[in-house]
Amino acid sequence: MTLSRRKLLTGAVGSAALATTARADDPAITELPDWTVYLGDGVDAAPYGVPSEYEADAVRRDVPWLTADPVSSVNFTPLHKLEGIITPNGLCFERHHGGVAQIDPAEHRLMINGLVDKPLVFTMDDIKRFPRENKIYFLECAANTGMEWRGAQLNGCQFTHGMVHCVQYTGVPLRYILEEAGVKTSAKWIMPEGADASAMTRSIPLEKALDDCMVAFAMNGEALRPEQGYPLRIVVPGWEGNMWVKWLRRIEVGDEPWHHREETSKYTDLLESGKARRFTWEMDVKSVITNPSPQAPITHEKGHTVLSGLAWSGRGTVERVDVSIDGGRNWTTARIDGPSHSKALHRFYHEFDWEGSPLLLQSRAIDSEGWVQPTKGALREVRGTESIYHNNSIQTWHVRKGGEVENVEVG
Ligand SMILES: Nc1nc2c(c(=O)[nH]1)N[C@H]1C(S)=C(S)[C@@H](COP(=O)(O)O)O[C@H]1N2
Ligand SMILES: [Mo]
């Protein structure tokens with residue numbers, strides 16, 4: 001190399017010369033590999049394509065001690081294996097309370113009842129005759145990062161932050177369906193209900209239902225996956241995942257909330273005072289560094305390093321992400337790349353020259369409403385440590401000399 005590393009870094013960041021480790025006598029270039037010498041598989045090898053066998057590590061994973069039974073459990077999105085903002089359908093985390101319902105769409109119905117002029121029942125074909133729209137949204141379980149309230153616990157952003165996914169939904173604005181039934185003037189709430197064995201229900205204010213809720217039948221261009229609610233789910237943009245009822249079979253319209261299990265004994269936030277916050281629907285501004293992270297250590301020696309992560313807010317777009325490599329003493333503005341959609345994941349990058357010494361990596365997101373992601377200490381001061389839900393605090397990863405990464409807390 002004739003140019004100094006410093007010069008290269010201040011010039012075209014990302015230039016291939018920066019990272020090259022191959023030598024001229026490398027057999028990977030001097031010898032022809034089998035895949036060049038022999039013909040490959042024909043076009044029908046996989047009617048539904050699957051990833052390369054070398055990507056077998058990019059899978060959903062669960063935390064065995066977290067839940068007693070797989071039918072009422074959760075697995076996590078491998079965030080450290082993803083690029084951009086869209087989660088592939090097969091990698092979207094799953095959370096279900098009564099197993100995955102396997103529904104024949106020909107036998108599925110959506111009923112609208114309660115405070116409406118005419119109760120209606122739709123087939124899936126009926127639903128597909130309404131005008132439809134395509135929207136990219138994240139879905140985050142309110143319990144995401146819930147195991148970290150009292151201290152750093154799980155080693156991997158998949159486990160600390162993997163109860164989030166972001167896909168493009170195709171569906172019908174819910175207001176079209178409600179208008180068809182004719183909502184009575186006394187109506188103030190709706191209650192979607194699932195057709196699975198848990199028959200999940202949640203109360204949602206009518207205002208939200210008429211604003212940006214959808215009933216979706218497709219994600220990322222194909223039918224919903226069974227585990228994401230095939231053939232129909234409600235989309236509640238920016239609000240906690242529990243409200244996004246899957247296998248949607250009924251929407252009741254009412255004049256007050258129903259106070260069912262998922263909004264009383266669950267999905268409430270117990271404060272130090274003994275009181276609990278209720279109806280905490282919006283998902284607060286949040287971010288996490290996905291690379292490097294415990295499952296994705298730095299594998300090269302010192303030098304040019306790409307830091308990457310995800311940021312999101314249930315209140316709008318992400319305006320800015322700051323990153324720190326020294327535990328929050330100094331901050332630099334990261335580069336957001338790719339589309340910036342309201343209530344969707346945002347991808348950020350920070351390229352830096354690693355000296356090979358230990359680092360404390362942090363990211364801090366700021367949303368379009370001016371909300372700033374808090375430190376763990378600041379969040380605990382307001383909410384205590386009895387909560388499970390709505391932990392949007394700043395995550396710290398400790399990078400060791402050798403490049404391994406672990407989950408830690410700084411004071
Ligand atoms: N019918 C039904 N809907 C449901 C659930 C369920 O168990 N049954 N789980 C909820 C919870 S708690 C979350 S976080 C999201 C998870 O959506 P996903 O499995 O597509 O990630 O679905 C919600 N909708
Ligand atoms: Mo959830």
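The domain bounds I use come from an automatic or database domain assignment, and on that basis I noted domain 1 (64-277) and domain 2 (286-408) in the protein chain. I then looked up how these domains are placed, and found their C-alpha centres 27 Å apart.

**Ground rules.** I am working with a predicted model, in which local features need pLDDT of at least 70 and side-chain atom pairs count only at pLDDT 80 or more, while totals for chains, interfaces and linings use all residues. Residues are numbered from 1 along each chain as its sequence is written, chains are lettered from A and ligands numbered from 1 in the order in which they are written, and side-chain values use heavy atoms, with hydrogens and water left out.

**Where the domains touch.** Taking contact to mean heavy atoms within 4.5 Å, I found 44 residues of domain 1 in contact with 42 residues of domain 2. The size of an interface is often given as the accessible area lost when the parts come together. Here I noted about 3,700 Å² buried between domain 1 and domain 2, with carbon and sulfur atoms giving 54% of it; this buried area is the accessible area (1.4 Å probe) that two parts lose on being put together, summed over both.

**Bonds across the interface.** I next looked for salt bridges, each being a side-chain nitrogen of Lys or Arg within 4 Å of a carboxyl oxygen of Asp or Glu, and the rule finds 3 of them between domain 1 and domain 2. I also looked up the salt bridge between the side chains of arginine 150 and glutamate 386, where the N to O distance is 3.3 Å.

**The domain 1 side.** Helices (H or I, at least four residues) and strands (E, at least two) are DSSP runs, numbered from the N terminus. The elements that give two or more residues to the side of domain 1 touching domain 2 are β5 (133-140), α5 (157-161), β6 (164-173) and β13 (269-270). Of these I marked α5, which gives the most, with 5 residues.

**Around ligand 1.** Counting a residue as near if one of its heavy atoms lies within 4 Å of the molecule, I found 22 residues around ligand 1, of which Phe93, His97, Asp196, Arg233 and Lys246 come nearest. A side-chain N or O atom of aspartate 196 is 2.8 Å from a nitrogen atom of ligand 1, and a side-chain N or O atom of arginine 233 is 2.8 Å from an oxygen atom of the ligand. For tryptophan 244 I noted a polar backbone atom 3.1 Å from a nitrogen atom of ligand 1.

The salt-bridge count comes to 27 by the rule. One that I followed up joins lysine 81 and aspartate 57, with the closest N and O atoms 3.9 Å apart. Lysine 81 lies in the loop between β1 (73-74) and β2 (95-96) and aspartate 57 in the loop between α3 (34-37) and β1, so the pair ties together parts that are 24 residues apart in sequence.

**Backbone notes.** I found a cis peptide bond between tyrosine 230 and proline 231, with omega about 5°, and placed proline 231 in the loop between β10 (222-223) and β11 (233-235). Asparagine 291 and proline 292 are also joined by a cis peptide bond, with omega about -5°, and proline 292 lies in the loop between β15 (286-291) and β16 (303-312).

Technical notes: Polar contact = N/O pair within 3.5 Å; in protein donor to acceptor, adjacent residues only side chain to side chain.
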